[in-house]
Amino acid sequence: MKGIALDIDETISYTVEYWVRQLSKKFGNPKNLTPREIFEQYRLIQNFPHWQSKEAQDWIDKDRNSNEIQKDLPLIKNSNHSVNKLNKIIPVVCYLTTRPQSVLEGTTYWLEKHNFPKAKVIGKPAKITYEDGTKWKANMLQKLFPQVQGIVDDNLHLIDYLPKTYKGYIFLYDIKNFSSDFKNVIVCPTWEDVLENAAKVYK
Ligand SMILES: [Mg+2]
């Protein structure tokens with residue numbers, strides 16, 4: 001069956017909200033920035049200058065590898081309903097995430113808990129470092145085409161690793177301004193935009 005892939009963190013799961021809350025409690029947040037403010041400035045919270053100590057980075061690493069934590073992560077509001085609508089436009093055939101394979105159990109639990117469409121969850125193999133995660137994901141997308149016709153993802157760096165000949169669509173979620181000569185990149189500030197654009201592209 002042909003269909004679309006979905007990213008998880010910051011596309012359907014509001015993971016950064018959990019991390020900012022915890023890291024602020026444990027390591028402080030001098031300017032009292034909200035999760036949204038930190039996310040908009042740094043995108044990856046491990047880049048936030050105040051949390052560069054080894055202790056903070058180790059804590060991030062430990063949490064990233066915990067199944068229990070994945071089970072309780074907050075949801076991006078209504079993302080589950082939007083994904084079920086998307087699933088009617090084009091089937092969701094997999095979740096493609098740079099989360100390590102070791103947390104797929106907690107991840108699957110979370111997806112079921114929020115009634116996301118059932119589909120295979122593909123996680124990053126342990127031998128790929130976190131830093132190489134985006135490159136790994138771009139390679140997977142190429143390998144999975146044409147079965148996987150595109151992805152909804154908030155990570156614009158995915159495009160850096162895709163050849164111009166890639167025929168799938170990248171729906172860049174939660175990105176407002178971005179221009180690229182890559183014609184299959186569609187900027188989608190909201191889930192409504194994803195649904196609208198997917199309906200045009202996959203009609
Ligand atoms: Mg993401």
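Buried residues, those with 20 or more other C-beta atoms (placed from the backbone) within 10 Å of their own, make up 33% of the 203 residues in the protein. The model is predicted: local features require pLDDT of at least 70 and side-chain atom pairs pLDDT 80 or more, while totals for chains, interfaces and linings use all residues. Residues are numbered from 1 along each chain as its sequence is written.

The C-alpha trace spans about 50 × 35 × 35 Å along its principal axes. Eight helices and six strands form the secondary structure, counted as DSSP runs numbered from the N terminus (helices H or I, at least four residues; strands E, at least two).

The domain assignment, automatic or from a database, gives domain 1 (3-13 + 74-201) and domain 2 (15-71). Their centres, taken over C-alpha atoms, are 22 Å apart. To the contact (C-beta atoms, placed from the backbone, within 7 Å), domain 1 contributes 12 residues and domain 2 contributes 10 residues. On the side of domain 1 that touches domain 2, helix 6 (residues 104-113) supplies the largest share, five residues.

The axes of helix 5 (residues 79-89) and helix 8 (residues 191-201) come within 10 Å and cross at roughly 0°; these axes are lines fitted to C-alpha atoms over the stretch in contact, with angles from 0 to 180 degrees between N-to-C directions. Helix 5 is therefore roughly parallel to helix 8, a term for angles under 35 degrees. Ser79, Ser82, Lys85, Leu86 and Ile89 of helix 5 meet Trp191, Val194, Leu195, Ala198 and Ala199 of helix 8.

Definitions and conventions
Two residues are in contact if their C-beta atoms, placed from the backbone, lie within 7 Å. Angles under 35 degrees count as roughly parallel, over 145 as roughly antiparallel, 65 to 115 as roughly perpendicular and the rest as oblique. A residue is buried if 20 or more other C-beta atoms lie within 10 Å of its own, exposed if 12 or fewer, and partly exposed in between; C-beta atoms are placed from the backbone.
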